[in-house]
Amino acid sequence: MSTSLRTERKGDGMTARGTGRGRRLGLTREKVIASAMTMIDRDGTDSFSLRRLATELGVEPMSLYNHVPNKEALLNGVAEALLAQVDFSGADSGTWQHRIRAHATAFRAAAQRHPKAFPLVLTRPAQTPAALE
């Protein structure tokens, strides 16, 4: 059985696309990132590996490369997904001190929801437009 892999260059870095068992199982980049986040929240980043993630998803490890080019890109995706979950909606009015406090409160709340995964936000490069917003 052959799996094709095509890597495309996009504004946010490299993304991998392909066809194979992962596609037939409904595996997407978003599902891979969400599963990685859940796994990291549960077990921590030190015990995270693509092989363990693939086992948890019920796919071959190489299937993950249809959705992310490598572990670094996956961890960057997890950091971006975590940052996207921070609710800054209450931080857009009031004095600058109020806005700073609201941002810090929102950031802290997200960190408390994901205590083992959230350090990725602080240690991964913010390269994509979503991460820079």
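From the N terminus on, the elements of the protein run β-β-α-α-α-α-α-α-α, giving 7 helices and 2 strands in total. Helices (H or I, at least four residues) and strands (E, at least two) are DSSP runs, numbered from the N terminus. The model is predicted: local features need pLDDT of at least 70, side-chain atom pairs count only at pLDDT 80 or more, and totals for chains, interfaces and linings use all residues. Residues are numbered from 1 along each chain as its sequence is written, and side-chain values use heavy atoms, with hydrogens and water left out.

Of the 133 residues of the protein, 34% count as buried. Buried means under 20% relative accessible area, exposed over 50%, and partly exposed in between, with a 1.4 Å probe and protein chains only. Contact is taken as heavy atoms within 4.5 Å. Among contacts between residues at least 6 apart in sequence, 58% join residues at least 24 apart.

Just after α2, G44 takes a positive phi of about 90°. The buried residues of the helix are V32, I33, S35, A36, M37, M39 and I40. What covers these buried residues includes α3 (50–57), α4 (71–84) and α6 (119–123).

I33 counts as buried because its relative accessible area is 6%. Not counting residues up to four places away in sequence, I33 touches L74, G77, V78 and A81. The C-alpha atoms of I33 and V78 are separated by 5.6 Å, although these residues stand 45 residues apart along the chain.

Leaving aside its neighbours within four places in sequence, L74 is in contact with V32, I33, A36, F48, L50, L53 and V68. L74 also belongs to the largest nonpolar core, where F48, L53, L64, L74, V78 and L82 touch the most other members among its 27 residues. A nonpolar core is a set of buried Ala, Val, Leu, Ile, Met, Phe, Trp, Tyr and Cys residues joined through side-chain atoms within 4.5 Å. The elements that give two or more residues to this core are α2, α3, α4, α5 (96–113) and α6. In soluble globular proteins, nonpolar side chains tend to be buried together.

Helix α3 holds A54. Since its relative accessible area is 0%, A54 is buried. Beyond residues up to four places away in sequence, A54 touches V59, E60, P61 and L64. A54 and L64 are 10 residues apart along the chain, and their C-alpha atoms are separated by 6.9 Å.

A pocket is defined on a 1 Å grid over the protein atoms alone, as an open set of points where a 1.4 Å probe fits, with protein on both sides within 12 Å along at least five of seven lines; lining residues have an atom within 4 Å of a point. About 160 Å³ of space lies in this second largest pocket, the volume being the space filled by probe spheres set on grid points joined across faces, edges and corners. Its lining consists of R29, E30, I33, A34, M37, G77, E80 and A81. The elements that give two or more residues to this lining are α2 and α4, and α2 gives the most, with 5 residues. By class, the lining has 4 nonpolar, 1 polar and 3 charged residues. Here Ala, Val, Leu, Ile, Met, Phe, Trp, Tyr, Cys and Pro count as nonpolar, Asp, Glu, Lys and Arg as charged, and the others, Gly among them, as polar.

Two further residues complete the account. R99 lies in helix α5 and, at 33% relative accessibility, counts as partly exposed. Apart from residues up to four places away in sequence, R99 touches A91, D92, S93 and G94. P125 is found in the loop between α6 and α7 (129–132) and is partly exposed, with a relative accessible area of 45%. The C-alpha atoms of P125 and E80, 45 residues apart along the chain, are separated by 9.5 Å.
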